[in-house]
Amino acid sequence: MANDLFNSFMTGPDENGRFGDFGGRFVSETLMPLILELEEQYEIAKTDETFWAEMHDLWTHYVGRPSPLYFAERLTDKLGGAKVYMKRDELNHTGAHKINNVLGQIILARRMGKKRIIAETGAGQHGVATATVCAKFGLKCVVYMGAHDVERQAPNVFRMRLLGAEIIPVTSGRGTLKDAMNDALRDWVTNVRDTFYCIGTVAGPHPYPAMVRDFQSIIGKEVREQMTEAEGRLPDTVIAAIGGGSNAMGLFYPFLDDKEVGIIGVEAGGKGVNAKMEHCASLTGGRPGVLHGNRTYLLQDDDGQILEGFSISAGLDYPGIGPEHAWLHDIGRAEYVSITDKEALAAFQVSCELEGIIPALEPSHALAHVMKIAPDLPKDHIICMNMCGRGDKDIFTVAKALGFEMGEFA
Ligand SMILES: Cc1ncc(COP(=O)(O)O)c(C=O)c1O
């Protein structure tokens, strides 16, 4: 791979869309022309200054970037060790990092003359971001969402409706993100001419994992600048939660070649990484296979059937992980750990009570790992975690988990 030649972790994937043994494009013949057209158009856009000028204009004036880098002082004092910073991507328009990537893909779709945008969504944040940008540009938007997720992320379903999107509940499988992505891929093959598939994470066939990473890398680029301004140096450790892995790749990528910066991805440990697979920790508890057009680590049974996985967090409820993470894991450039529902809920409450920040359940996993390791690290160790989403969408799930009845919150 080119990486060996340049001694860099930032040159992947290769021309076949491979990160080491992972990635690629395992798709049907009918999908291949679409994928190749997308790759060609993205390659052109990537080096086109006018494309990035439009992105930066919208990131600044529509999304509200740069998002702040915030020193969590009370949390740091309580933990008594490393200094904890939060990258505040939950303050973006629509409440999560997802819009960073959606803008890129929809600007590309417009350049390609596509008028109908389809998306899959789990927690609903990618669906809301896609519906939002479609409304802004007057594009038709169809969102596939697992029926189970439609139920547990009701506020986001209504937001998408208000924004004019059509929501298609998916009842196959367990009715979660994996199933929504299957149906979205099917739609794309059927509606080849006018439709653009806007994928919400660093998964899918090449070029999606690299393209989504490139769009999300604004997170890590900003952290580099902001941390250098705040502390005069880079962080010692960067930490992010992983569903498919897009917010994490966005934070990690600009630091891959800074070997002194530790990188930790946090998977959803659900009820614990156990033989019953009541978790969504694909790297910690899965093995390599092919899903949604790429080769990566997956939760699967002995026959290679994909297992559903489990997490309290709809956004982490994906039985796979982006192929670049699989590669970073195998070569040892990043460490991957898991956090249980219970630990994430505890971190959720600490963030509310100590910092006045109601986080989404997804970054609560990253925060829980920060809370685990910070006390044993020296006071001059700097951790930056990605607060990649706000908790509005999760308050009913959390209320239920904490034993509150609807309407009895006082
Ligand atoms: C707030 C939030 N964080 C994280 C994720 C997980 O996605 P990814 O791993 O691609 O960042 C989601 C997915 O819906 C999300 O809504």
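Me: Which cavity is the space taken by the ligand?

Reply: This is a predicted model, in which local features need pLDDT of at least 70 and side-chain atom pairs count only at pLDDT 80 or more, while totals for chains, interfaces and linings use all residues. Residues are numbered from 1 along each chain as its sequence is written, and side-chain values use heavy atoms, with hydrogens and water left out. A cavity is a set of points, on a 1 Å grid over the protein atoms alone, where a 1.4 Å probe fits but cannot get out. By that definition, the space of the ligand is the largest cavity.

Me: Which side-chain N or O atom is 2.6 Å from an oxygen atom of the ligand?

Reply: Polar contacts here are pairs of N or O atoms within 3.5 Å. The side chain of Lys98 has such an atom 3.1 Å from a ligand oxygen, and a backbone N or O atom of Gly244 is 3.2 Å from one. The 2.6 Å distance belongs to the side chain of Thr201.

Me: What percentage of the ligand's exposed area does the protein bury?

Reply: Accessible areas come from the Shrake-Rupley method with a 1.4 Å probe. Alone, the ligand exposes 390 Å². The buried part is 98%.

Me: Why does the ligand lie between the two domains?

Reply: The protein is divided into domain 1 (28-60 + 98-212) and domain 2 (65-95 + 217-401), with bounds from an automatic or database domain assignment. The ligand lies between them because residues of its shell come from both domain 1 and domain 2.

Notes. A polar contact is a pair of N or O atoms within 3.5 Å; within protein, one must be able to donate a hydrogen and the other to accept it, and residues adjacent in sequence count only if both atoms are side-chain atoms. On a 1 Å grid over the protein atoms alone, a cavity is a set of points where a 1.4 Å probe fits but cannot get out, and a pocket is an open set with protein on both sides within 12 Å along at least five of seven lines; lining residues have an atom within 4 Å of a point. A molecule sits in a cavity or pocket if more than half of its atoms lie within 2 Å of its grid points.
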